[in-house]
Every structure is written in structure tokens, then in C-alpha cells.
Amino acid sequence: QNSYNTGAKRNLLTSISCKNGISEEQAQEILLDEADSILKELDIDYSRVSLDDIILSFYHATSSIDNCSDIVEQGLFPLDKCLGLKNHLTDFLKEYGIFFDFDRKVVFKKTEVGFIEKEFQLDKLEFLGNSGNYLQQRFKNDCYINGVWCPFDHLGIFNQTSHYLNSPEFLKHIGIIFEQENLEWNWEKRKESYLLKCSIPLRDLDIQSVRTLGLPFNEEEFLEAVYTDDIKLKKCLVRLAFERLIEGAFADNKNNIVHIKKHIPGNRIDFIPLVFIEGYGYISKEDFYESKK
């Protein structure tokens, strides 16, 4: 949790730079170079830290046309699960006559009088070109809730991929195959943008994320380490949190992506409304209004 604390990072770098008469950049290099010895000096009793008590936090970028009320009530789901429920996203698609039937594995469009105008098999969309290929991959393989691990002062990374904050990415491609190319634009007219700070138990982490973190465990070793409260895993996680606190999550574009297969309940999510500032990008509404005082 401290790896998200911008104030903790600033205080640590400032105190070390003042004490040693060096710049904060030099202090950062020293901290990273000396990470192992610093953590050793902290003398953490890892036997008293339970992996069952470790909660991992990450950010998920999204947009909503209902002020995230569906997510508050139902929680966050991977795309296929989300499209199988009644919510504001499926209600929005219904306005255009577009429906998903995951039992039959089809997506179809109805006319105003209820006749099926077009119907496609979700696992046989490649003949529809780039949009068909994209959608087929999403519906076959996208079983994750994706997010990014980073301290709060690194959230500007989302401005490099701001389309996640504008509309669900698949809307563009659904609009193309059903010749409703204003679908994405109409969502954007009604949406609000949010970062969702999700907090999950370590056991809900998908093994694919373990590989992106660079932990020295294969799938079986990681699962065994989690369930046996392994000391080695605790040390790796503390070292990773320490590095993220000092450096952020985006050095060399590593240690950043998290994949969660499971549903995340609404009570494990903090909602951060965003506002778009022309020439700058998205910032939190709280920071925006604070800057206006």
C-alpha cells in the first residue's frame, strides 16, 4: 500500500538527499542500488507477515454512462461476463438492437420490430476483417480484468492510452460489423471517465501477472508459495513494493500490468472521477478543483 503513497516517496527521497547533500535523483539511484542492504537493515520479521493478509492494489481505466452505478452494485467483470448481464452497457447496445447470447455464442442485431437482421458466431468472426479478428480475440481470450500497478504520481501514463477512458474499446468494432459506426461517438457524448483503484487478495492474482512481475516462481511454485505462506515470496513482494515506491512502475516498461480473472466486488473498488483538460489530458477531479482554489 505504501508504494502508492506519493508523500512517503517524496519524504524518503528528500530526507536522504538533505542528509547526504545530494540531489533527489542521486538519492533515488542510491536507494535502488542499495535496496537489498536497506531492506536487510529494516530487519523485517517475515514470519509475522501472513500472505493471506496481503492485499494488492492496482488501477483500472474505464468510462461510464451511469456514474459507475453498475460497478458499485455488481462489481467489475471481464468483458464476456459483463456483456452477459443486464447493465448500462448492455442497455446501451440494446438501443441499437445489438444483443449477445453467450449460451449460443452469437452476437446479433434486431430490427425495430424484433426480427434478427444480422447474426454472427462469436468464434467465427475472422471473415469480417480487422474488426472481426479483434472481436474474436476479445471474446475467445479476454477472460481478464486488466489494470496497472503504479504509484499515484505515475497516473499520467493513462493519458498515453486515453481511449480506455473514452469508451469501451470493442464498441468501435461492434459498430463497424453492424454498420453503426456512431456507436463509439454516442457513448463518448454521454460518458464520464474514471480510474478504479481495485484491491484484491494475493490469491486472486492470475499467474500471467506473476510472469510480468518477474518473480522467480513458475505457476506451480507461485501457487504453492501462496498457500504455504512462503518466506521467499514475502521477501520478493516487499522488494518489489520498495522499488515501486522509489522508481514507479514504468521503468523499462516492466512491472506494470496486472491480470485478474475473478470478479472484483464493488466494495473492493475506490472510484476516482477524472476530468479532461485540453492540452494536458486527464487528471482527477479532486486535483482539478484543488488547483482552482
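Select helix 7 (residues 130-141) together with helix 9: their axes come within 9 Å and cross at roughly 130 degrees. Axes here are lines fitted to C-alpha atoms, for helices over the stretch in contact, and angles run from 0 to 180 degrees between N-to-C directions. The angle makes helix 7 oblique to helix 9, given that angles under 35 degrees count as roughly parallel, over 145 as roughly antiparallel, 65 to 115 as roughly perpendicular and the rest as oblique. The crossing of these two helices is left-handed, a term for a near helix turned anticlockwise from the far one by less than a right angle, with clockwise giving right-handed.

The model is predicted: local features need pLDDT of at least 70 and side-chain atom pairs count only at pLDDT 80 or more, while totals for chains, interfaces and linings use all residues. Residues are numbered from 1 along each chain as its sequence is written, and side-chain values use heavy atoms, with hydrogens and water left out.

Display the side chains between the two helices next. Ser131, Tyr134, Leu135 and Arg138 of helix 7 meet Phe170, His173, Ile174, Ile176 and Ile177 of helix 9; contact means heavy atoms within 4.5 Å. Helices (H or I, at least four residues) and strands (E, at least two) are DSSP runs, numbered from the N terminus.

Leu171, Lys172, Ile174 and Gly175 of helix 9 form the contact with Leu183, Glu184 and Trp187 of helix 10.

Move to Ser167, in the loop between helix 8 (163-166) and helix 9 (170-177). Ser167 is buried, with a relative accessible area of 4%; buried means under 20% relative accessible area, exposed over 50%, and partly exposed in between (1.4 Å probe, protein chains only). Its side chain makes a polar contact with the side chain of Glu184 at 3.4 Å. A polar contact is a pair of N or O atoms within 3.5 Å; within protein, one must be able to donate a hydrogen and the other to accept it, and residues adjacent in sequence count only if both atoms are side-chain atoms. Leaving aside neighbours within four places in sequence, Ser167 is in contact with Ser63, Glu184, Trp187 and Glu188.

Now select helix 12 (residues 219-227), where Phe222, Ala225 and Val226 are buried. These residues cover an arc of only 100 degrees around the axis, which puts them on the same side of helix 12; the arc is that of the directions from the helix axis to the C-beta atoms. On the face turned away from the buried side are the exposed residues Glu220, Glu224 and Tyr227. At the N-terminal end, Asn218 caps helix 12, with a side-chain oxygen 3.2 Å from the backbone nitrogen of Glu220. Just after the helix, Asp229 takes a positive phi of about 60 degrees.

Lys234 is buried, with a relative accessible area of 3%. A polar atom of the Lys234 side chain lies 2.3 Å from the backbone oxygen of Val49.

Finally, show the whole chain, with its 14 helices and nine strands. Of its 293 residues, 45% count as buried.
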